[in-house]
Amino acid sequence: MTVPIYPLVPYGTAAEVVPRFADLVMASEQRWGTTVLAGDSAGGQIALSAAILLRDRDGRVLPGPS
């Protein structure tokens, strides 16, 4: 399990955090294999935004709930 720490507004923005989070997801997949995202409140939005970015930027689709 990885729990990323991200800066809050006004010290960080979604434009800065989401791409870095998406890169972290890709690094996790390369090192550990299947990676699942989860989050609550703002963390849930960051997880969703990262999944959408990975889909649109890299054509990568993460596993969903089974």
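Leaving aside neighbours within four places in sequence, Val25 is in contact with Thr35, Leu37, Leu54 and Leu62, where contact means heavy atoms within 4.5 Å. The model is a predicted one, in which local features need pLDDT of at least 70 and side-chain atom pairs count only at pLDDT 80 or more, while totals for chains, interfaces and linings use all residues. Residues are numbered from 1 along each chain as its sequence is written, and side-chain values use heavy atoms, with hydrogens and water left out.

With a relative accessibility of 4%, Val25 counts as buried; the term buried means under 20% relative accessible area, exposed means over 50%, and partly exposed covers what lies in between, using a 1.4 Å probe and protein chains only.

In soluble globular proteins, nonpolar side chains tend to be buried together.

A pocket is defined on a 1 Å grid over the protein atoms alone, as an open set of points where a 1.4 Å probe fits, with protein on both sides within 12 Å along at least five of seven lines, and its lining residues have an atom within 4 Å of a point. The largest pocket holds about 410 Å³ of space, a volume being the space filled by probe spheres set on the grid points, which are joined across faces, edges and corners. Its lining comprises 18 residues, of which Thr2, Pro4, Phe21, Val36 and Leu37 lie nearest the centre. Helices α1 (14–32) and α2 (42–58) each supply at least two residues of the lining, with α1 giving the most, five residues. By class, the lining has twelve nonpolar, six polar and no charged residues, where Ala, Val, Leu, Ile, Met, Phe, Trp, Tyr, Cys and Pro count as nonpolar, Asp, Glu, Lys and Arg as charged, and the others, Gly among them, as polar.

The second largest pocket has a volume of about 180 Å³ and is lined by 13 residues, of which Tyr6, Val9, Thr13, Ala14 and Ile46 lie nearest its centre. Here too α1 and α2 are the elements that give two or more residues to the lining, but the largest share, four residues, comes from α2. The lining divides into nine nonpolar, four polar and no charged residues.

Charged side chains come into view with the salt bridges, each a side-chain nitrogen of Lys or Arg within 4 Å of a carboxyl oxygen of Asp or Glu; by this rule there are four. Asp23 and Arg57 form one of them, with their closest N and O atoms 3.2 Å apart, and this pair links distant parts of the chain, Asp23 lying in helix α1 and Arg57 in helix α2, 34 residues apart. Asp23 is partly exposed at 43% relative accessible area, as is Arg57 at 39%. Arg57 also meets Asp58 in a salt bridge (3.1 Å, N to O), and Asp58 is partly exposed at 39%. Through shared partners, salt bridges join Asp23, Arg57 and Asp58 into one network.

Two backbone features remain. The peptide bond from Val9 to Pro10 is cis, with omega near 10°, and Pro10 is placed in the segment before α1. Ser41, in the loop between α1 and α2, has a phi near 60°, a positive value in a residue other than glycine, and counts as exposed at 63% relative accessibility. Most residues other than glycine have a negative phi, and most peptide bonds are trans.
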